[in-house]
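Subject: Structure handover

Hello,

Here is the structure for you to look over. My notes follow below it.

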Amino acid sequence: MTTLIVGGGWSGLAAGVRLSQQGHKVHLFESARQLGGRARSVDWQGLAVDNGQHLMIGAYRQTLSLLNDIGADNARLFHRLPLNIDIHDPDYPSLRIAAGFGLPWPLSLAWRLWRDNDGSCLAQISRINLLARRFQAAQDISVASWLTQADQSHRLVRQLWEPLCLATLNTPIKEASAAVFARVLSTTFRARSDTDLLIPRLPLGETLPRLAEHYIRQHGGQIHLQSRVENIEIEAGRVTGLVTQTGARFDADNIIVATPLAASRALLSNHLSLPDCGSFPIATVYLQYPSSCRLPAPVTGMSGSLSQWLFDRHELRPGLLAVVISGPGEHEKMTKDALLAQVAREIRQQWPQFPAMPEDGLVIREKRATFACNVDIQRQRPNNRTEITGLWLAGDFVANPYPATLEGAVLNGEQTAMKLMDHVNASR
Ligand SMILES: Cc1cc2nc3c(=O)[nH]c(=O)nc-3n(C[C@H](O)[C@H](O)[C@H](O)COP(=O)(O)OP(=O)(O)OC[C@H]3O[C@@H](n4cnc5c(N)ncnc54)[C@H](O)[C@@H]3O)c2cc1C
């Protein structure tokens with residue numbers, strides 16, 4: 001019997017690949033014109049850019065191994081760089097975080113923190129690292145309270161922890177879950193290679209979405225684009241099929257719903273109670289400067305400004321920068337032109353050799369980029385197996401140790417597929 005998957009983001013695709021790999025037939029329904037969901041490519045005057053500049057790290061083991069299994073050459077897909085980031089601030093000296101080399105891990109990191117910054121930074125970051133490993137997840141508090149308890153200076157909160165919390169949890173520190181943040185820190189700094197930065201060299205749509213589509217089709221699966229699922233049919237506590245917006249009906253014993261939390265809530269409102277955790281936006285500002293303009297590093301942080309993380313995308317097109325602004329803020333109310341002008345001003349303050357304005361610019365606002373990773377979020381996230389027989393959940397919001405990330409989405413897709421296969425095998 002065919003398994004139906006609703007949603008062609010990275011989670012639904014991961015589930016589709018793993019099911020196909022084990023000989024299960026898959027039909028995947030995606031409401032948009034293309035696959036990829038919140039990590040997809042969009043066309044900007046003939047150039048494929050991403051709906052949001054994404055960054056992966058070496059610790060994304062599930063994603064990298066899935067890509068490897070479907071024939072990706074990860075070295076071609078990603079620019080892999082050792083951790084080496086400067087975070088600039090108008091009021092403080094720049095902070096440098098580098099993985100270092102020549103010494104065993106984590107001594108190399110500690111040595112670089114001490115050498116590049118000062119002893120107080122090293123002491124404070126080491127304290128957080130230790131506390132992160134010991135964090136009692138059951139007693140969650142906000143990241144802001146946790147940092148206060150851990151005696152972190154105003155400088156480190158503003159220049160390091162706040163930007164890092166926004167980059168990983170996309171949630172302001174006063175609301176963000178310290179349990180999830182502590183978990184992210186301890187996972188990221190487990191080994192030197194885990195801290196590597198992986199920047200997609202190709203548009204995101206050319207990575208997992210294209211390869212997974214090919215893999216699923218090659219294994220006899222079908223992918224239906226522009227097919228919004230309107231209804232999941234459930235009779236006597238078990239799924240029987242689904243209906244798309246055109247009225248087409250598909251029978252199934254097993255359906256995986258891998259849509260974003262709000263969409264899953266809407267689709268399943270008559271059958272399941274899913275949490276309403278809210279969401280936060282992410283804006284990506286693309287600025288096209290003359291081709292000679294380059295940032296000193298592929299990734300640079302900024303604090304005390306609207307711009308948070310700057311990516312030099314010259315591999316995509318010389319002179320192209322992508323600036324990421326995570327979470328809520330005053331930028332949400334700014335017009336496109338005002339936001340572009342403000343970001344360009346902040347770039348010029350730091351690098352006066354850049355022109356006052358770029359030649360061209362694009363602002364992409366994802367209003368519901370991620371679920372809000374608030375205090376106690378881990379108690380609210382649902383499991384992939386539901387009380388309705390044959391109804392399974394995937395997507396980044398389903399329970400896992402991570403915030404809304406590609407890794408969490410892939411992990412959930414794969415785990416849902418595995419549990420579904422175990423269930424099918426056990427009931428044969
Ligand atoms: C701007 C931005 C920047 C980000 N940066 C990073 C980053 O740097 N690193 C990182 O790890 N993560 C990042 N993320 C988070 C990451 O992109 C998401 O966590 C991940 O893509 C979620 O995948 P998903 O498959 O769970 O959900 P989605 O990608 O949302 O996929 C769900 C799919 O379901 C489809 N759908 C919805 N309703 C229906 C329906 N009724 N019928 C059929 N289809 C339907 C949607 O169209 C969508 O394609 C970022 C997200 C955004 C938006």
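Strand β7 (residues 84–88) runs antiparallel to β8, and four bridges join the two. Strands pair here if DSSP finds at least two bridges between them. Helices (H or I, at least four residues) and strands (E, at least two) are DSSP runs, numbered from the N terminus. The model is predicted: local features need pLDDT of at least 70, side-chain atom pairs count only at pLDDT 80 or more, and totals for chains, interfaces and linings use all residues. Residues are numbered from 1 along each chain as its sequence is written.

I85 has I97 of β8 as its bridge partner. In a regular strand the side chains alternate between the two faces of the sheet. Strand β8 (residues 95–98) has L95 and I97 on its covered face, and R96 and A98 on the uncovered one.

Two bridges pair β5 with β9 (residues 197–200) in the antiparallel sense. I57 is bridged to L197 in β9.

**Helix α7**

Where does helix α7 (residues 154–169) kink? At W161, by about 35°, shortly before the proline P163. The bend is the angle between axes fitted to the seven residues ending at a residue and the seven starting there. Both W161 and P163 are buried, and the buried residues of α7 also include L156, L160, L164 and L169. Buried means that 20 or more other C-beta atoms lie within 10 Å of the residue's own; exposed means 12 or fewer, partly exposed in between, with C-beta atoms placed from the backbone. After α7 comes N170, with a positive phi near 50°.

**L340**

L340 sits in helix α11 (residues 336–350). L340 counts as buried because 21 other C-beta atoms lie within 10 Å. Beyond its neighbours within four places in sequence, L340 contacts V285, L287, G361 and V363. A contact needs C-beta atoms, placed from the backbone, within 7 Å. M357 is 17 residues from L340 in sequence, and 8.2 Å from L340 in space, C-alpha to C-alpha.

**Domains**

The protein chain divides into domain 1 (3–45 + 54–77 + 202–277 + 374–426), domain 2 (83–195) and domain 3 (279–371). These bounds come from an automatic or database domain assignment. The centres of domain 1 and domain 2, taken over C-alpha atoms, are 32 Å apart. Contacts link twelve residues of domain 1 with 21 residues of domain 2. On the domain 1 side, eight of the touching residues are nonpolar, three polar and one charged. Nonpolar covers Ala, Val, Leu, Ile, Met, Phe, Trp, Tyr, Cys and Pro; charged covers Asp, Glu, Lys and Arg; polar covers the others, Gly among them.

**Whole chain**

The protein chain has 13 helices and 20 strands. Its radius of gyration is 22 Å, close to the 22 Å that the globule rule gives for 428 residues, so the chain is as compact as a globular protein of that length. That radius is taken over C-alpha atoms, and the rule is 2.2 Å times the number of residues to the power 0.38. The C-alpha trace spans about 65 × 50 × 40 Å along its principal axes. Of the 428 residues, 48% count as buried. Among contacts between residues at least 6 apart in sequence, 69% join residues at least 24 apart.

Best regards

Terms used: Contact = placed C-beta atoms within 7 Å.
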